[in-house]
Amino acid sequence: MADSNLKPWSQVCIKLLQGPIFRQNANDKLWDKLEMYESDIQSFFAILGVSVSIDKADGFAYLRQNELNEEDDKISRLIRQIPLTEEQSFLCILLRDELNKFDNPNNSQDKSSVLILRETELYEQFASFYSPKSDQITARKNFKKNLDRLCELGLLKEQNPDDSDNEQEYEVRRYIRAKIDSQFCEDFMAKLKEKEGNNG
């Protein structure tokens, strides 16, 4: 028997608790419910000290922790910060930069399209700035693990993952700009330069 306590927007809340949601197409029923019941959904999460960030232009939504006082922060933080490794952080900054170039107003590319990059292309760019600390084979395996991790977090989307005959391609989701902001980039690069200076 159906649960009478469920709301028309309950499924949207469950999906948001599991991670970011993305508009799949023009007839995405889940996204339609998000927009239709946005006020109810925001009110529900506000009770938990959380707000829903919705980017209707690029079609993604995610939960964002509201500012908490020191006492509440110890017990009431629903959205946990997911730590990234140094390599993953650097890769995110590289991807964000590529996306910014792609979305540059001077770029004649149709802004309704998405940025797709090949795995080899990504690795070559990554390795040219960030020297691998292991042999080539191990470095490529680690790089693939990092790509998989960013896919899990919704920052990348693997294209045709079951196609083993062709080189893998990835969509760089614009959601990456929401999670990896300019302040994150500045702080990370400053720490990286400091680390290189200490090692030098």
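These legends accompany several close-up views of one predicted model.

**View 1. The whole chain, before we zoom in.**
Welcome to the overview! The secondary structure of this chain comes to nine helices and six strands. The chain has 200 residues, and 34% of them count as buried. If you look at contacts with a separation of 6 or more, residues 24 or more positions apart account for 56% of them. Keep this overview in mind as you go through the close-ups.

**View 2. Helices α1 and α2 cross each other.**
Start with helix α1, which covers residues 10–18, and helix α2, which covers residues 29–36. Their axes come within 9 Å and cross at roughly 105°. That angle makes α1 roughly perpendicular to α2, because angles of 65 to 115 degrees count as roughly perpendicular. To find the contact, look for Gln11, Val12 and Lys15 on the α1 side, which meet Leu30, Lys33 and Leu34 on the α2 side. Sorted by class, this contact has three nonpolar, one polar and two charged residues.

One partner is strand β1 (residues 21–22), which pairs with β3 in the antiparallel sense over two bridges.

**View 3. The hairpin of β2 and β3.**
This view shows the turn in the chain between β2 and β3, where four residues lie between the strands of the hairpin. Which residue takes a positive phi in this hairpin? It is Gly59, with a phi near 75°. As you trace the strands on either side, here is a handy rule. In a regular strand the side chains alternate between the two faces of the sheet.

**View 4. The open sheet of β4, β6 and β5.**
This sheet has three strands in the order β4-β6-β5, with antiparallel pairing. The strands β4 and β5 stand at the edges with a single partner each, so one side of each has no neighbour in the sheet. On average, neighbouring strands of this sheet are turned by 30° against each other, ignoring direction. Look for β4 at residues 115–118 and β6 at residues 169–172, which are joined by four bridges. Within that pair, Ile116 has Glu171 of β6 as its bridge partner. Strand β5 (residues 156–159) also pairs with β6 over four bridges, and Leu156 stands opposite Val172 there.

**View 5. Two helices lie across the sheet strands.**
Which strands does α5 lie across? They are β4, β5 and β6, and α5 runs at about 130° to β4. Helix α6, made of residues 119–129, lies across β4 and β6. The angle between α6 and β4 is about 80°.

Now zoom in on Glu98, a residue of helix α5. Is Glu98 buried or exposed? Its relative accessibility is 15%, and because buried means under 20%, Glu98 counts as buried. Leaving aside residues up to four places away in sequence, Glu98 touches Leu115, Leu117 and Gln125.

**View 6. Helices α5 and α7 pack together.**
Our last stop shows helix α5 (residues 86–102) with helix α7 (residues 136–152). The two pack at an angle of about 70°, and their axes are 10 Å apart. The pair is therefore roughly perpendicular, and the crossing is right-handed. From α5, the residues Glu87, Gln88, Leu91, Cys92 and Leu95 meet Phe143, Asn146, Leu147, Arg149 and Leu150 from α7. By class, this contact has six nonpolar, two polar and two charged residues.

How values were computed:
Residues are numbered from 1 along each chain as its sequence is written. Side-chain values use heavy atoms; hydrogens and water are left out. Axes are lines fitted to C-alpha atoms, for helices over the stretch in contact, and angles run from 0 to 180 degrees between N-to-C directions. Angles under 35 degrees count as roughly parallel, over 145 as roughly antiparallel, 65 to 115 as roughly perpendicular and the rest as oblique. A crossing is left-handed if the near helix is turned anticlockwise from the far one by less than a right angle, and right-handed if clockwise. Contact means heavy atoms within 4.5 Å. Ala, Val, Leu, Ile, Met, Phe, Trp, Tyr, Cys and Pro count as nonpolar, Asp, Glu, Lys and Arg as charged, and the others, Gly among them, as polar. Two strands pair if DSSP finds at least two bridges between them. Buried means under 20% relative accessible area, exposed over 50%, partly exposed in between (1.4 Å probe, protein chains only).
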